Amino acid sequence: MPSAPLASVLFVCVHNAGRSQMAAGFLGHLAGDRIEVRSAGSLPADQVNPSAVEAMKEVGIDIANQRPKVLTTEAVQASDYVITMGCGDACPIFPGKKYLDWALEDPAGKGVESVRPIRDQIKTRIEALITEIDAKPEA
């Protein structure tokens, strides 16, 4: 019988088109089913940033089929970790959640060369997050 995920993580940025999509892609790729992954935006774009898609493809992760989603109170309530990336005060706060704010440059309007360093910063933070979640004792 499959075990429940160790944690649920919600990534939030304004457009849910770049940073949060790359973060969700990395977490799903690196943690598999061990961690439940969500992403959303306070003002979702029409599509995922093509430069973010290309930058992730370079490291073997396909986020081309993802779509920006609107941030809902339910998504926040269902998550153990809420990681914001420049969404300001748009994210609702609930007790018992772990909130992290990752100050990352917005890849909107940038070419893939400018998105690569943002992608690499996200990967480093995702690896540290997985280590933190894996180290937590079972509830």
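Modeller: Ser20 is buried, with a relative accessible area of 0%; buried means under 20% relative accessible area, exposed over 50% and partly exposed in between, with a 1.4 Å probe and protein chains only. Before we go on, please keep in mind that this is a predicted model, in which local features need pLDDT of at least 70 and side-chain atom pairs count only at pLDDT 80 or more, while totals for chains, interfaces and linings use all residues. Residues are numbered from 1 along each chain as its sequence is written, and side-chain values use heavy atoms, with hydrogens and water left out.

Ser20 sits in helix α1; helices (H or I, at least four residues) and strands (E, at least two) are DSSP runs, numbered from the N terminus. Leaving aside residues up to four places away in sequence, Ser20 touches Phe11, Val12, Cys13, Ser39, Ala40 and Met85, where contact means heavy atoms within 4.5 Å. Ser20 and Ile83 are 63 residues apart in sequence, and their C-alpha atoms are 8.6 Å apart in space.

Now step back to the helix itself. α1 has 13 residues and reaches 18 Å from its first C-alpha to its last, close to the 18 Å expected at 1.5 Å a residue; the expected span is 1.5 Å times one less than the number of residues. Because 10 of those 13 residues are buried, α1 is largely enclosed by the rest of the structure. Among the buried residues are Arg19, Ser20, Met22, Phe26 and Leu27, and what covers the buried residues of α1 includes β1, β2, α2, β3 and α4. After α1 comes Gly32, whose phi is positive, near 60 degrees.

One of those neighbours, α4, deserves a visit. α4 covers residues 112-135, and its 24 residues should span 34 Å at 1.5 Å a residue, which agrees with the 34 Å between its end C-alpha atoms. Its buried residues include Val115, Ile118, Ile122 and Ile126. α1 and α4 pack at an angle of about 45 degrees, with their axes 9 Å apart; axes are lines fitted to C-alpha atoms, for helices over the stretch in contact, and angles run from 0 to 180 degrees between N-to-C directions. That makes α1 oblique to α4, since angles under 35 degrees count as roughly parallel, over 145 as roughly antiparallel, 65 to 115 as roughly perpendicular and the rest as oblique. From α1, the residues making the contact include Met22, Phe26 and Leu30, and from α4 they include Ile118, Ile122 and Ile130.

Finally, let us return to Phe11, one of the residues that Ser20 touches. A search of the whole structure finds one aromatic pair. Phe11 and Trp102 form this tilted pair, 6.0 Å centre to centre with 50 degrees between the planes; rings of Phe, Tyr and Trp (its six-membered ring) pair if their centres lie within 6.5 Å, and planes under 30 degrees apart count as stacked, over 60 as edge-to-face and the rest as tilted. The pair links distant parts of the chain, 91 residues apart: Phe11 lies in strand β1 and Trp102 in the loop between β4 and α4. Phe11 is buried at 0% relative accessible area, and Trp102 counts as buried at 7%.
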